Protein chains: 2
Amino acid sequence: MASKLSFEEKYDVIVRRDTTYAGIFFVAVKTTGIFCRPGCTARTPKSKNVLFYDTSHEAIINGYRPCKICKPLEELGATPDYIQKILDELEAHPYRRLKDWDLRQRGIEPSQIRRWFKKNHNMTFQAYQRLYRINGAFTKISNGESITHTAYDIGFESISGFNDSFKSTFDHAPSQEKGKTVIQLIRFTTPIGPMFAGATSTGVCLTEFTDRPMLETEFKDLKKRLNAVILPGENKHLVQLQQELAEYFEGKRKVFTVPLHTPGSAFSQSVWQLLRTIPFGATRTYKEQAEKLGKPKGVRAVGRANGLNKIAIVIPCHRVLGSNGELVGYGGGKGRKKWLLDHERMHAMST
Amino acid sequence: MASKLSFEEKYDVIVRRDTTYAGIFFVAVKTTGIFCRPGCTARTPKSKNVLFYDTSHEAIINGYRPCKICKPLEELGATPDYIQKILDELEAHPYRRLKDWDLRQRGIEPSQIRRWFKKNHNMTFQAYQRLYRINGAFTKISNGESITHTAYDIGFESISGFNDSFKSTFDHAPSQEKGKTVIQLIRFTTPIGPMFAGATSTGVCLTEFTDRPMLETEFKDLKKRLNAVILPGENKHLVQLQQELAEYFEGKRKVFTVPLHTPGSAFSQSVWQLLRTIPFGATRTYKEQAEKLGKPKGVRAVGRANGLNKIAIVIPCHRVLGSNGELVGYGGGKGRKKWLLDHERMHAMST
DNA sequence: AAATCCATGTTCAGTTTTCGGTGGCGATAC
DNA sequence: GTATCGCCACCGAAAACTGAACATGGATTT
């Protein structure tokens, strides 16, 4: 049974500014009448002045107003308006190249948008744009258009610049491009933090919280296993995934039907397959999992394979606990594991 | 000018058992012919029976003998011999695990050493020992030694045991490099009380009297700012620091050259930098400091930044007074502030 | 002699740490 | 390419430690 956080534990989360608990509870400060998310950068309140709520609604009906720094009412990690506008523009005109000068024209400090991208996508805005364009180029090339034509088409100012850029993304020159797969990558938000999702044309191959430490390793692993490159962009699987996840977070969806693409060893595959059989709202122990696989001694191995799962939530590795009922580890942080389990328990009854 | 304590104030120090005045004056009890340090745990004498002396020497020549509880002639806060021996052994043979049984072999009651460590290091001896070894392990692993060998080198007899232990102090498995730094921490004595000193590989980041109330907060702050773990151990900066402090207390050193590591806001940094320019033996007022920083209205801010200084003595926040010449506050206690200023005034002339 | 105030040693139930046993995986060395 | 090594989001039992409680005793003061 997932244990509830004590007051002290919650307060410690506040003191440490631990963002992994954002969305899991809210902290209200009696002296100011303001409530924040854990991780808010405002001055740390004294423990005697704080109250905790599980939902923002509770905080509000108790008379607190949302903090202006951490904006606990806006969707966590939500994209600010001015950046949303730029992204819309980019989507509408994929080949337009927005330089710093263009950003200033639109009243945006380039450094501001750069910082936001650094933080949320771990790349600069210019790098994001480049990748975005390259993604379009890939499609065109796949469709058989000539390379030079494509290059000019998408706004590179010289062929050599295009080649360099393409090379750095695909690891070899455009003319050799044939066998590489593309993993489309998107970023979206959930009540417990922003996530990345990636999909090939076969299916979804990744969903992870953006702050998962192993993320880079997972990218590397996917690129290697699928002989692929990762580029920003959407495809139909990602559309479906977002829809299903949204329903999941509303408590309405208990089974995911989006196709998956999960390269890995046979053993890993079997572990992941087994994970998918754990129903919404239920939990198992590592030991039970090992036994079901016919390897009662392979508990550690199961744990390891669990950790190797790259499709958080959809492949519900969060539903596996230590044999004494403890949460043990979770790539997205134990706070999220607990939140997910509570969420599922709460909605398990309905429908 | 720093004011002298009145009889009532001194007696109050005795009643409160305020250790921050230990080493600064002595209390003699007329009815028993015994003299103690402030903070002695023996029964409190009545005020009519006490006399105060500035030095132990004066008490002795007036016919008083040292108390057997607080031992005013022995080094203040010194590690007892029988414990020092154990610590030496630990340093010489880090792989040798001293169990309670081993301690008894050496004629030491485990509960006794446990109590001493609880009191002076805020952890049990076993915990201290473990952290000390884990610290060594971290160094070895950082130096590229294999995790398996390291585990055995530092006295574990199973990898899993080592892993568990490592994880509980670092929050992640040994191989997972997460950029954590280690702050080495030592305890040592001075004429006016025991101190802790901490240092990263960059430089000294903390020197404080062990009874400073804010100590835990300072630890927490350092851990957060440097993404660090604080572990018992030494490094070259700490060796140098101890040497320089010893010279300082002898009145021979007026300038510290040991490298510092002082994370903090730009403003704090500037305040601390300015503090270091106040010469040995001199004093300034908060107001002067604020003016020198070009912020004549920022007196309070300067005071605050002074208080945030974690490197007592080396960064001489004790050399700043209120504009009327009063001592105002000091993290280590006003008694120590006055002692330090007197000490510096006395030795300012020489050499 | 009585009162105060701790430090010490013992005990013991309740926790924590440690250890061996695990199977699989990725990197490395042939 | 294939053997080996190093590492691990585990488990269960045994060993070792902890903290709290208590009696005892020493030192100091009244």
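Reader: Why is Glu234(A) called partly exposed?

Author: This is a predicted model, and the term rests on a computed value. Glu234(A) has a relative accessible area of 46%. Partly exposed covers the range between the limit for buried, under 20%, and the limit for exposed, over 50%. The value of 46% falls between these limits, and therefore Glu234(A) is called partly exposed.

Reader: Where is Glu234(A) found, and which residues is it in contact with, leaving aside neighbours within four places in sequence?

Author: Glu234(A) is found in the loop between β8 and α10 (236-250) of chain A. With those neighbours set aside, Glu234(A) is in contact with Gln184(A), Ile186(A), Val239(A) and Gln242(A). Arg187(A) is 47 residues from Glu234(A) in sequence, and the two C-alpha atoms are 9.9 Å apart in space.

Reader: What makes Arg319(B) buried?

Author: The relative accessible area of Arg319(B) is 3%. Buried means under 20%, so Arg319(B) counts as buried. Arg319(B) has its place in the loop between α13 (299-308) and β10 (320-321) of chain B. Not counting residues up to four places away in sequence, Arg319(B) touches several residues, including Tyr248(B), Pro279(B), Phe280(B) and Leu341(B).

Reader: How do you know that the side chain of Arg319(B) makes a polar contact with the side chain of Glu344(B)?

Author: The distance of this contact is 2.8 Å. A polar contact requires a pair of N or O atoms within 3.5 Å, one able to donate a hydrogen and the other to accept it. The value of 2.8 Å lies within that cut-off, and therefore the pair is called a polar contact. The side chain of Arg319(B) also reaches the backbone oxygen of Ile278(B), at 2.7 Å.

Reader: What is noted about the phi of Asn227(A) and of Ile313(A)?

Author: Asn227(A) has a positive phi of about 50 degrees, although it is not a glycine. Phi of Ile313(A) is near 70 degrees, a positive value in a residue other than glycine. Such values deserve a remark because most residues other than glycine have a negative phi.

Reader: How many salt bridges are counted between chain B and chain A, and what area do the chains bury between them?

Author: The count of salt bridges is zero. Chain B and chain A bury about 370 Å² between them, 55% of it on carbon and sulfur atoms. On the side of chain B that touches chain A there are no nonpolar residues, one polar residue and three charged residues. Four residues of chain B are in contact with five residues of chain A.

Reader: Which residues are the closest to DNA strand C, and how many surround it?

Author: DNA strand C is surrounded by 27 residues, and the closest are Ser265(A), Lys295(A), Arg17(B), Arg97(B) and Arg115(B). Sugar and phosphate make up 68% of the atoms of DNA strand C that come within 4 Å of the protein. By class, the surface near DNA strand C has three nonpolar, 10 polar and 14 charged residues. The most is given by α8(B), with four residues.

Reader: How do you know that Arg97(B) is in polar contact with a phosphate oxygen of DNA strand C?

Author: An N or O atom in the side chain of Arg97(B) is 2.4 Å from that phosphate oxygen. For Ser160(B), an N or O atom in the side chain is 2.9 Å from a base nitrogen of DNA strand C.

Reader: What supplies the largest share of the surface near DNA strand D?

Author: That share, five residues, comes from α13(A). In total, 41 residues surround DNA strand D. A polar side-chain atom of Thr148(B) lies 2.4 Å from a phosphate oxygen of DNA strand D.

Methods. Residues are numbered from 1 along each chain as its sequence is written. Chains are lettered from A and ligands numbered from 1 in the order in which they are written. This is a predicted model: local features need pLDDT of at least 70, side-chain atom pairs count only at pLDDT 80 or more; totals for chains, interfaces and linings use all residues. Side-chain values use heavy atoms; hydrogens and water are left out. A residue is near a molecule or strand if one of its heavy atoms lies within 4 Å of it. Helices (H or I, at least four residues) and strands (E, at least two) are DSSP runs, numbered from the N terminus. Ala, Val, Leu, Ile, Met, Phe, Trp, Tyr, Cys and Pro count as nonpolar, Asp, Glu, Lys and Arg as charged, and the others, Gly among them, as polar. Contact means heavy atoms within 4.5 Å. Buried area is the accessible area (1.4 Å probe) that two parts lose on being put together, summed over both. A salt bridge is a side-chain nitrogen of Lys or Arg within 4 Å of a carboxyl oxygen of Asp or Glu. Buried means under 20% relative accessible area, exposed over 50%, partly exposed in between (1.4 Å probe, protein chains only).
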